[in-house]
Amino acid sequence: MIKLSVIMWDCGFRERFHAIKSYLNQTLDKNVYEVIWVEFYSDVKEEVKKFADEHPNFRILTLKRSGKWQYGICVNEGVRIAKGDILVISDGDVVVDEKFLEDELRLHEKYLDLPFINYHRRYDESAEPPVYRYDLEYLNKVCVLVNPTNYAGCFSIKKRDFVAINGYEEDMVFSGPSACAKDFYIRAKNAGYFIRWSPEKRLFHPWHPGTTVGFSYLLRKQERIMKIRDLNVDILPNFGFDKKIRKSKLDTVPDYSFKEKLQLFIEFLIKKAVGKI
């Protein structure tokens with residue numbers, strides 16, 4: 001019986017698949033958990049297909065979408081087919097220890113009636129190594145904590161609690177490199193969920209070429225939307241897991257004036273010039 005489902009996503013740009021190996025190489029019984037890889041577009045790398053051939057508890061979901069990618073849609077669709085009552089929603093390029101899922105499952109079974117999210121801090125490899133390595137002994141030495149609240153790195157939650165706040169935001173305002181995960185955190189906090197940052201586990205993020213985030217008004221709009229939701233103690237996205245639930249226009253964000261756009265663009269150029277972007 002499947003008790004736990006790991007969900008990872010891709011939008012055609014993953015170049016290495018050590019995360020899949022890490023989640024399949026666990027002490028937890030293979031019959032108790034599954035790993036779901038969600039591809040937003042149509043093409044799935046041959047290396048990923050090979051995992052499905054070799055591991056019965058690994059599944060690939062291809063959404064066959066087109067246009068701008070939106071990873072909240074990937075997460076929701078992964079949850080839709082997940083068999084486990086416990087969800088581990090993870091970035092697709094991390095490394096975890098072999099007892100990671102076993103401990104995660106035990107934690108949720110211990111606090112069965114508590115609505116909570118167990119977040120994991122992500123430790124990053126800061127520079128490109130001469131040889132790519134994904135073993136824990138090496139990563140534990142070279143990875144450092146850069147962002148102590150990386151909401152998208154990895155967290156676990158009971159499926160019932162994920163569904164109760166209607167999952168991830170699917171509005172295309174949150175397309176591309178976005179704050180989907182932070183938005184989910186804010187709504188979960190508003191719903192009264194206990195937020196836990198695991199002191200026991202480290203999540204490792206080996207170096208890879210970063211996703212370039214250029215100047216985007218969308219990111220600014222996301223900030224405004226999340227602030228509105230926080231101030232109104234709102235728990236639902238505009239478009240989420242349940243397609244029948246449609247929000248009111250609480251989150252409508254007014255467009256920027258020309259003066260605001262110019263000011264934001266100048267701020268972006270200054271940050272880029274001093275190396276903060």
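What percentage of the 277 residues in the chain is buried? Buried residues make up 49% of them, where buried means under 20% relative accessible area. The model is predicted.

**Overall form**

The chain holds 9 helices and 10 strands. Its radius of gyration is 19 Å, close to the 19 Å from the globule rule for 277 residues, so the chain is as compact as a globular protein of that length. Along the principal axes, the C-alpha atoms fill a box of roughly 55 × 45 × 40 Å. Among contacts with a separation of 6 or more, 79% are between residues 24 or more positions apart.

The accessible surface is about 13800 Å², and carbon and sulfur atoms account for 55% of that area. There are 45 positive and 40 negative side chains, and the centres of these two sets are 4 Å apart.

Strand E1 covers residues 4-10; 7 of its 7 residues are buried, so E1 is largely enclosed by the rest of the structure. Leu4, Val6, Met8 and Asp10 point one way from the strand, while Ser5, Ile7 and Trp9 point the other way, and all are buried.

Strand E4 spans residues 86-90. With 5 of its 5 residues buried, E4 is likewise largely enclosed by the rest of the structure. Ile86, Val88 and Ser90 lie on one side and Leu87 and Ile89 on the other, so that both faces are covered.

| Strand pair | Bridges | Direction |
|---|---|---|
| E1 and E2 (residues 33-39) | 7 bridges | parallel |
| E1 and E4 | 4 bridges | parallel |
| E4 and E8 (residues 154-158) | 5 bridges | antiparallel |

Leu4 stands opposite Tyr33 in E2, and Ser5 has Leu87 of E4 as its bridge partner. Ile89 stands opposite Phe155 in E8.

**Helix H3**

Which residues of H3 are buried? They are Tyr71, Gly72, Ile73, Cys74, Val75, Asn76, Glu77, Gly78 and Val79.

Methods
Residues are numbered from 1 along each chain as its sequence is written. This is a predicted model: local features need pLDDT of at least 70, side-chain atom pairs count only at pLDDT 80 or more; totals for chains, interfaces and linings use all residues. Side-chain values use heavy atoms; hydrogens and water are left out. Helices (H or I, at least four residues) and strands (E, at least two) are DSSP runs, numbered from the N terminus. The radius of gyration is taken over C-alpha atoms; the globule rule is 2.2 Å times the number of residues to the power 0.38. Buried means under 20% relative accessible area, exposed over 50%, partly exposed in between (1.4 Å probe, protein chains only). Contact means heavy atoms within 4.5 Å. Accessible areas come from the Shrake-Rupley method with a 1.4 Å probe; for residues, only the protein chains shown count as cover. Lys and Arg count as positive and Asp and Glu as negative; His and the chain ends are not counted. The place of a charge is taken as NZ of Lys, CZ of Arg, CG of Asp or CD of Glu. Two strands pair if DSSP finds at least two bridges between them.
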